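Work through the exercises below with the sequence and the model open beside you, and try each task before reading its solution.

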Amino acid sequence: MSTIRLSKSCVGEEEKAALVRVIYAGYLGMGQEVQLFENELKAYLDTDAEVICVNSGTAALHLALSCLDIGPGDEVLVPSITYVASFQAISATGAKPVACDVTCDRVFIDLADAKRRITNRTRAIMPVHYASDSQSMPDVYEFAKHNNLRVIEDAAHGFGCTRAGKRIGYVGDIVCFSFDGIKNITSGEGGVVTTSDKELARRIKDARLLGVESDTEKRFKGERSWNFNIKHQGFRYHMSNLMAAIGREQLKKIETFAEHRKASVSRYMEKLKSVKSLAFLSLDYSNIVSHIFVVRILDGRREELIAELKGNNIECGIHYMPNHLLDYFLVTYALPVADKLGSELLSLPLHADLSIEDQDKVIATILNFFNSKF
Ligand SMILES: *Cc1c(COP(=O)(O)O)cnc(C)c1O
């Protein structure tokens with residue numbers, strides 16, 4: 001009996017052929033393939049913003065912060081329940097990630113709590129599109145404007161989603177996506193920063209290539225920079241042609257992936273809605289392409305259920321342990337909602353290759369688990 005995976009890379013012959021093409025072309029690093037991917041992403045997002053490909057979502061976040069000159073002495077507001085990448089990207093700059101509570105119904109940064117955590121050192125807020133939802137983002141921009149903060153959207157879960165009829169990444173101060181192996185689309189590993197701030201975009205383009213001025217444009221022409229100047233800290237964060245080749249094929253499949261993910265989520269919700277001990281999040285399901293399908297287990301039996309699923313060869317996940325409880329990011333104040341959700345959240349298998357038979361087995365196992373109690 002094979003294991004039902006929580007998530008997986010969904011790649012095939014098209015990605016393989018693209019990789020072979022790049023390998024035989026003999027230019028594996030950052031070149032034209034990356035330029036094409038950036039142009040295609042820009043067209044897909046239908047945006048005038050700059051689109052800058054990098055080698056991970058974490059690098060995208062780190063570059064955005066670093067190029068805003070956020071560093072030691074600065075503070076960045078971030079929801080406690082997120083992938084640790086959000087926190088590490090902030091602390092990597094020397095700035096302090098300030099853990100904020102989240103809303104119970106959507107696990108989105110709680111702005112009332114964020115307000116309490118503002119000091120004269122707060123420079124930015126990093127809202128997370130948790131489980132792909134970003135319906136409260138207009139409130140974040142209102143909040144940021146009021147408090148003079150930059151907004152770095154961690155939209156790692158948000159690729160392919162829409163809000164108010166536009167794709168996520170179409171607008172925003174700085175929006176960062178991840179294309180790691182299991183995200184809505186993948187480029188192997190990878191990420192992208194989009195921003196309409198042209199000056200910031202210039203800094204980010206240089207900073208992904210060790211801060212070498214205008215190296216991006218040179219590489220897109222197949223040239224190298226031999227004489228150059230450096231004015232800022234840079235990193236080795238550029239995307240390779242190999243990664244971009246995978247990403248370009250995946251982008252062509254996004255609608256198919258999106259339909260599959262949406263159908264799987266609808267199926268879960270339809271079949272699990274009668275379970276009293278299980279609650280859904282109040283997400284904008286019609287506009288999102290769910291990267292993860294998260295439910296709350298309300299009766300304190302989450303660990304028992306995880307064991308039951310595991311016993312049936314079904315993987316599940318916890319997105320995420322509250323970061324403010326981790327040694328490196330430990331805080332002295334309480335975040336009651338994050339604490340509570342930390343023991344309730346459960347992610348069920350969701351990926352573009354999940355079959356109906358496998359999903360039905362997951363559903364049956366859960367129904368059976370809760371019914372057997374009575
Ligand atoms: C995946 C993810 C990231 C980091 O992206 P990588 O490409 O894995 O570096 C950041 N934030 C969240 C919420 C994520 O899920």
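Predicted model: local features only at pLDDT ≥ 70, side-chain atom pairs only at ≥ 80, totals over all residues.

Residues are numbered from 1 along each chain as its sequence is written, and side-chain values use heavy atoms, with hydrogens and water left out.

**Exercise 1.** Describe the overall build of the protein chain.

Begin with the secondary structure: the protein chain has 13 helices and 12 strands, taken as DSSP runs (H or I, at least four residues; E, at least two) numbered from the N terminus. Next, the C-alpha trace spans about 75 × 55 × 40 Å along its principal axes. Finally, a compact globule of 374 residues would have a radius of gyration near 21 Å, and the 21 Å of the protein chain agrees with this; the radius is taken over C-alpha atoms, and the rule is 2.2 Å times the number of residues to the power 0.38.

**Exercise 2.** Characterise the surroundings of the ligand.

First list the shell: 16 residues surround the ligand, the closest being Gly-57, Thr-58, Asp-154, Ser-178 and Lys-183, where a residue counts if one of its heavy atoms lies within 4 Å. Helix H3 (57–67) and helix H4 (84–92) each supply at least two residues of this shell.

Then examine the polar contacts (pairs of N or O atoms within 3.5 Å). A polar side-chain atom of Asp-154 lies 2.7 Å from a ligand nitrogen, whereas ligand oxygen atoms are found 3.0 Å from a side-chain N or O atom of Asp-180 and 3.1 Å from one of Lys-183. Of the 380 Å² of accessible area that the ligand has on its own, the protein covers 94%, by the Shrake-Rupley method with a 1.4 Å probe.

Definitions and conventions
Polar contact = N/O pair within 3.5 Å; in protein donor to acceptor, adjacent residues only side chain to side chain.
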